[in-house]
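This report describes one structure, part by part. The sequence and the structure come first, and the description follows.

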Number of protein chains: 2
Amino acid sequence: MTAAPAFAAIQAARARIAGSVRCTPILRSDFLDEELGAQLYFKCENLQVTGAFKARGAFNAVLNLPQALAARGVVTHSSGNHGAALALAARSRGIAAYVVAPRTTPASKQQNMLRYGAKLQLCEPTLAARQAAAERIIADTGATLIHPFDNADVMAGQGTVALELLEQVPQLDAIVCPIGGGGLISGTAVAAHGIDPRIRILGAEPLGADDAQRSKNAGAITPVMQPHSLADGLLATLAPSTFEVIRSQVHAVGTVTEEDIVAGMRRVWEELKIIIEASSAVPLAALLNGALPIAGQRVGIVLTGGNVDLQRLPWKQD
Amino acid sequence: MTAAPAFAAIQAARARIAGSVRCTPILRSDFLDEELGAQLYFKCENLQVTGAFKARGAFNAVLNLPQALAARGVVTHSSGNHGAALALAARSRGIAAYVVAPRTTPASKQQNMLRYGAKLQLCEPTLAARQAAAERIIADTGATLIHPFDNADVMAGQGTVALELLEQVPQLDAIVCPIGGGGLISGTAVAAHGIDPRIRILGAEPLGADDAQRSKNAGAITPVMQPHSLADGLLATLAPSTFEVIRSQVHAVGTVTEEDIVAGMRRVWEELKIIIEASSAVPLAALLNGALPIAGQRVGIVLTGGNVDLQRLPWKQD
């Protein structure tokens, strides 16, 4: 069973991926600071290679594979940012990356994975079909499954965001992350508390996929049966490995409506002049709607990705 | 008559504005590098305060005013990025910024200037009306006119982009800037050649506002009678001060169609995950359409601004 990474594993991940990923910039907005009565530091992982923080975990997992295993390739069933990140990491090591995706995956996402070199295999749009297809690839090729979050190397890689952030902005009071499967926030919590145990770790998720808040309240993983949100990167259910960290090291989880997400996304585009996807807007949305009070604090906000279909924006054109 | 700034004036400008503006990040794209067979370094002035490089020139001019003059305020007739930048610079010094703008100025641009504290005065949409309104304000208040480009302090401020860029990326072969009134490219040429006289300075402008190319070819300022382009920051005509630098220190000027501009803008949004306005896309568009050959070179591209009406994008939604 997967366990969350130790702080030392996150430090090792940082050294391992240093030549492969970017140290992303921090941006600020006087207008947003004024509105929230806080100091906000936006960590721009939308400017990361492949357009998302997922490159960190994927590179750490791929670069940490022993050569004999790596030679047979890697496989995943994430058709989103993890799929593209895994493809790039695999290509950098000269190995195959198999990505199983439902045949309903939008053409723009399929093309994006293909241009990073993924070997794409389409299947019926059910969880069972995806798992069966991945298992067949593993049986045929000996490829290693790199799960998008329930994997200690992936979590450790995602934790490197917080190591960088806390060097760029020392003495934060809190860090806010979106929660999907929980890989980012669990890596973040371990990394941040390894540096300063007083830092508050805050999670944010869509109301339509609020399994982290329900699970924390119930004290046990409590899936949402039909999760739905514009924030399509946040629909996964927690794994035991990520829930354990969320249970013990995440201080609060706030939820946001779909309208909150669109408003938060648009505010970031307008104020910071950067493109973030809906999933990335969830933390700011949870500050703006009051779900996570941070007045008077210095707060880091992880903007997780910028992969948006520019012909399908969630607001109207005049 | 205004003269172009000396290199030392640009260095002085940098020290003067250091506490007021941001050192903006450099972004890169493997896909664009591959497509153009070059190494591109995007200098992200869209991430500058007020969303445009104009903050540099405006702060330098405002901070360099003697106190007795400054106390009476500043005035300009630019309703775009210079207007907002001047308002912020003036507010930081506690003085008034009067901005004269045609009453046809889009509400979003008016609101943007107002939120930076501009005293907005609307007039009829003619050049004569704008000049008359500005002169009346000067007569009434004693405010100092800060022209958006025909001003040595403004040009010196804009030149600080190149000082920073060449520290962030030493040994560039070329720097590409858009040309409107020519303030940015003339500051850039003086700054870059003060560091390395071999750097090629390249200009790019819309075909519908190609007065820089015409003027360079003719050896004298040659205005375009009815300039028109989506790149609404590039419609101004060169001043003698900026033309003198463009004539002597700019190596080539390339032009782009409106379709080139939209395509370039969208490529930057997609590949770099940042928001740039149409005017900012003109340099990359002039590389992509072949007007400015740069194969095999290390090239800095100044992305000038990111102030876009997100409800009026120049491409269709599905």
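Strand β4 (residues 97-102) of chain B pairs with β5(B) in the parallel sense over 5 bridges. Helices (H or I, at least four residues) and strands (E, at least two) are DSSP runs, numbered from the N terminus, and two strands pair if DSSP finds at least two bridges between them. In this pair, B:Tyr98 stands opposite B:Lys119 in β5(B).

Both strands belong to an open sheet of 4 strands with the order β5-β4-β3-β6 (chain B) and parallel pairing. Its edge strands, each pairing on one side only, are β5 (119-123) and β6 (144-145) of chain B. Helix α5 (residues 81-92) of chain B lies across β3 (74-76) and β4 of chain B, and runs at about 165° to β4(B). Such angles run from 0 to 180 degrees between N-to-C directions, with axes that are lines fitted to C-alpha atoms, for helices over the stretch in contact.

## Source and numbering

This is a predicted model, in which local features need pLDDT of at least 70 and side-chain atom pairs count only at pLDDT 80 or more, while totals for chains, interfaces and linings use all residues. Residues are numbered from 1 along each chain as its sequence is written, and chains are lettered from A and ligands numbered from 1 in the order in which they are written.

## The six-strand sheet of chain A

In chain A, an open sheet of 6 strands has the order β1-β2-β10-β7-β8-β9, with mixed pairing. The edge strands are β1 (26-27) and β9 (252-256) of chain A. Strand β7 (residues 174-178) of chain A runs parallel to β8(A) and is joined to it by 5 bridges. A:Ala174 stands opposite A:Arg200 in β8(A).

Helix α12 (residues 258-272) of chain A packs on this sheet and touches β1, β2 (39-44), β8, β9 and β10 (298-303) of chain A. The direction of α12 makes about 95° with that of β9(A).

## Two domains in chain A

Chain A is divided into domain 1 (7-53 + 151-303) and domain 2 (55-145), with bounds that come from an automatic or database domain assignment. The C-alpha centres of the two domains of chain A lie 24 Å apart. Between them, 21 residues of domain 1 are in contact with 15 residues of domain 2; contact requires C-beta atoms, placed from the backbone, to lie within 7 Å. On the domain 1 side, α8(A) gives the most, with 8 residues.

## A buried alanine

A:Ala231 is in the loop between α10 (211-218) and α11 (240-249) of chain A. Is A:Ala231 buried or exposed? A:Ala231 is buried, with 27 other C-beta atoms within 10 Å. A residue is buried if 20 or more other C-beta atoms lie within 10 Å of its own, exposed if 12 or fewer, and partly exposed in between. Leaving aside neighbours within four places in sequence, the contacts of A:Ala231 include A:Pro206 and A:Ile261.

## How the chains meet

A rotation of 180° with 0.0 Å of shift along its axis superposes chain B on chain A (RMSD 0.0 Å). That is the relation of a two-fold axis. In chain B, the C-alpha nearest the axis is that of B:Ile274, 2.0 Å from it. Superposition is by least squares on the C-alpha atoms of residues with pLDDT of at least 70 in both copies.

The contact takes 20 residues from chain B and 20 residues from chain A. Helix α12 (residues 258-272) of chain B gives the most to the chain B side, with 3 residues. Because 100% of the interface residues of chain B are also interface residues in chain A, the copies meet through the same surface.

Notes. Two residues are in contact if their C-beta atoms, placed from the backbone, lie within 7 Å.
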